[in-house]
Number of protein chains: 2
Amino acid sequence: MNAPSRLLVLGGDAAGMTAASHVRRHAPQVEVVVVEKTHHTSNSMCGIPFYVGAEIADADDLVVRTPDEFRAMGMTVHMRTEALAIDPVARRVRVRDLESGAERDEPYDRLLYTVGAHVVPPPVPGVREHGHVVHTLDDGEHLRAHLDQQDGERERGEDKPGDRHVVVVGAGYIGIEIAEALVRRGFDATVIDRSPQVLGSLDADMAALVQRRMEDFGIRVRLGETFTEARGLGGSSVAVVCERGVYETEVLVIATGAQPSVAMARAAGCRVGPSGALVVDPQGRTTVDGIWAAGDCVETLQLVSGQPVNVQLGTHANKQGKAAGIDIVAAVRGTGRGEAAFPGVVGTAVTKLCEWEIARTGVGEDEAAAAGIDAAAVRFTGTAKASYLPDPGEVHVKMLAEQGTGRVLGAQMVGSGNVAKRIDVAATWCQLGVTVQQAQFLDLSYSPPFGGVWDLLQVGARKLVRELGLSPVL
Amino acid sequence: MNAPSRLLVLGGDAAGMTAASHVRRHAPQVEVVVVEKTHHTSNSMCGIPFYVGAEIADADDLVVRTPDEFRAMGMTVHMRTEALAIDPVARRVRVRDLESGAERDEPYDRLLYTVGAHVVPPPVPGVREHGHVVHTLDDGEHLRAHLDQQDGERERGEDKPGDRHVVVVGAGYIGIEIAEALVRRGFDATVIDRSPQVLGSLDADMAALVQRRMEDFGIRVRLGETFTEARGLGGSSVAVVCERGVYETEVLVIATGAQPSVAMARAAGCRVGPSGALVVDPQGRTTVDGIWAAGDCVETLQLVSGQPVNVQLGTHANKQGKAAGIDIVAAVRGTGRGEAAFPGVVGTAVTKLCEWEIARTGVGEDEAAAAGIDAAAVRFTGTAKASYLPDPGEVHVKMLAEQGTGRVLGAQMVGSGNVAKRIDVAATWCQLGVTVQQAQFLDLSYSPPFGGVWDLLQVGARKLVRELGLSPVL
């Protein structure tokens, strides 16, 4: 009943392949063509530190579905193929085969732009020559191969400056995870960042606790430090020159955070929002007819602050990709909008660092202030298990709520256990607009191995009710 | 401005002492008198298995506040004193000093009835003589002393029938926790229950998984087995006679579940509801003027099923006690109702058993059917960590939602990790009436050490959307 049509997908990771798979299943008359720059389709970026640290043997373990598996679903998948430019009028994309260097045009009826994000290394001499960016699984494989090679040289007794030392530039999640993985592999690790705190997504007071934990774990942390040059010392050794010191190292990792890759879409006329990412509607439609986008390159709504944000997480890429896939099927069928609407995010993130669980959701104090929200914050320390058990551990909690309404605005928790999945309770509160007064009365679980009789989030809710002058205070 | 008045509190554990402390702080003109039958005030019943298993050295570690600490707050606390009868017209309670046997009357202006629950052992010969009930901290101390004494005899080389064997009658949370604690102490444990499954609060299919785990851990499980007699074999050895076998044991533990202790209140005219517990309003008022009740002896609303239930958990006792305390202060001040209203429960419960985390919230299939709710259920197995990590573990999940509306009705999870605090997300959904369609779009956390890119609860929500024929299916 519909004319056959061609969906071209730029970028074969979570967002793109979720959408592509949905379209294959629900609109089999559509020809689906995928163009992917790297050697891998759908894979777990979050797993790369475990692979670099050799906790996972094989890079393929991180691949959710291979190109051949997608081909078996009836898609055409061009690997190692880079998209160069979109012609939104002629509806075609110029691409280059990275193996042969040959260029060609790929036509489309509908285009899904899911090219993700890319790391912009600091613009200092030597960084591209000596630094290892860790962003894609290809990057992870390069770094792992480099480390394995160094191990081999060491076994042959070859000595060199900076031996068994790693310097990581960038104290965000990935930077710290890589540093930790290499400490576990027997390296000395130094993490450098020009900002005054680690983990910019945490408030400074909470980040200071994580920094102390990193130092206790054996990672050197140098904050407020500016990286100015990477200088080769022969072999693989590098002098990492900073304003306040020089660090000799065997491995230099660049983990300075990634920017959404929007250039090609912007050149095709797609609007870029204040976050620097592509503006899309809840179905993933960009501002240019026939072009959808999803994943790390798009802007979304922070539901607590009401601000546009760019959050690069696989979990959002999956949901956005699915909503876009549903919408593309509806467009193909001519039945109007797809019925799935990606509503936005509340900024939930967790990780495990140096045996601590680190979790955050909602907004922090600075974000609340920037959004003009009048927030109250409480901070306290509790235990991971009931305090009378052996090794009860410690958990530091910060929670924010809105003056007047009592709406829960955010939570940050760091500590030895029972943190990560607990943040999802606060995330649900943030997303549904639950107040601290309501939160006190929720039937949350209690058992000694998992905490005290009042859940830490309810302890926080009670403190906030008091702090905000609301009632009743349970 | 108000006449001084006397608050008499029967029962000095969580509910009673939370209320008493609130009244002391906010209405210091009120004389607060507490009557407690055992040797301990506010303590953690949930911690008793850890104490019996010698993971915790000292029973005092389980005491949150001692009688002297409450006295220092200005209360009168009568320990080892049992309430016998309430005269609601004369407003006095007959009590007996359990040390001296002397009886006296305690007058009151307002009475708080927080006497909790009590274990009713099976009515079989020998059970009172040979069985150890484990309910109060006093009970825990008796059992621990008995075990320590047996250890001493064993060291002196005294042999006896049933040596190093424990039989637990009752396969609920406490029974299994005690069995596990004694396995850790080196005992062989057998758990007997006349019902066809362990953990009656789980659906049978989920309980079967826990049973298998118990057996793998080394606990013998005998279900559908009726205990008929406990017969002394000399010394502390006991023959536990059942319909299908006789078990020789050194220790017989009776963990058959506790009944709300309502007799005295009922005799005073307080209404008892269909759950067998006292009817109270959200402020803890019973149906008799001047008498409040809270904690294990009261009935509350199951918010998902709409049914009256009796749930004995310290976490509810704390909240109910606080709501009652706030209301008593309002009554003393003559300012109408207290502003805190205990809304009811959703049946959240967690525990750690044999290295598995066991969690449930909402209603199971039988409860939904009994409440006339048309439910759909899904069951599946996932991993505790990302599947590509070493030892990803396993988590079994069951979730229920309502036909038509998609309202989340309940969740049960059992498995090796990241279960316990995750149930609080589902509990929040159940209590706030969140639908499976909404649940799919919540911004829940993802990181490989804590699970896959779709949280297990969202995997369940997606399956339920499909199962219920709702849309969109993410």
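Ground rules, quickly. This is a predicted model: local features need pLDDT of at least 70, side-chain atom pairs count only at pLDDT 80 or more, and totals for chains, interfaces and linings use all residues. Residues are numbered from 1 along each chain as its sequence is written, chains are lettered from A and ligands numbered from 1 in the order written, and side-chain values use heavy atoms, with hydrogens and water left out.

Next, helix α13 of chain A, residues 456-467. Helices are DSSP runs of H or I, at least four residues; strands are E runs, at least two; both are numbered from the N terminus. At 1.5 Å a residue, the 12 residues should span 16 Å, and the end C-alpha atoms are 16 Å apart, which agrees. That expected span is 1.5 Å times one less than the number of residues.

At the start of α13(A), a side-chain oxygen of A:D455 comes within 2.8 Å of the backbone nitrogen of A:L457. Just after the helix, A:G469 has a positive phi of about 70°. Buried residues in α13(A) include A:L456, A:G460 and A:L464. Buried means under 20% relative accessible area, exposed over 50%, partly exposed in between, with a 1.4 Å probe and protein chains only. The cover includes α11 (423-432) of chain A and α9 (314-333) of chain B.

Now cysteines. How many disulfides are there over all chains? The search finds 0. The cut-off is two cysteine sulfur atoms within 2.5 Å. The sulfur of A:C430 is 20 Å from the closest cysteine sulfur, in B:C430, too far for a bond. A:C430 is buried at 4% relative accessibility, and B:C430 is buried at 5%.

Last, B:S305. This serine sits in the loop between β19 (300-301) and β20 (308-309) of chain B. B:S305 is buried, at 13% relative accessible area. B:S305 touches B:V363, B:A371 and B:I373, leaving aside residues up to four places away in sequence. Contact here means heavy atoms within 4.5 Å.

Methods:
Polar contact = N/O pair within 3.5 Å; in protein donor to acceptor, adjacent residues only side chain to side chain.
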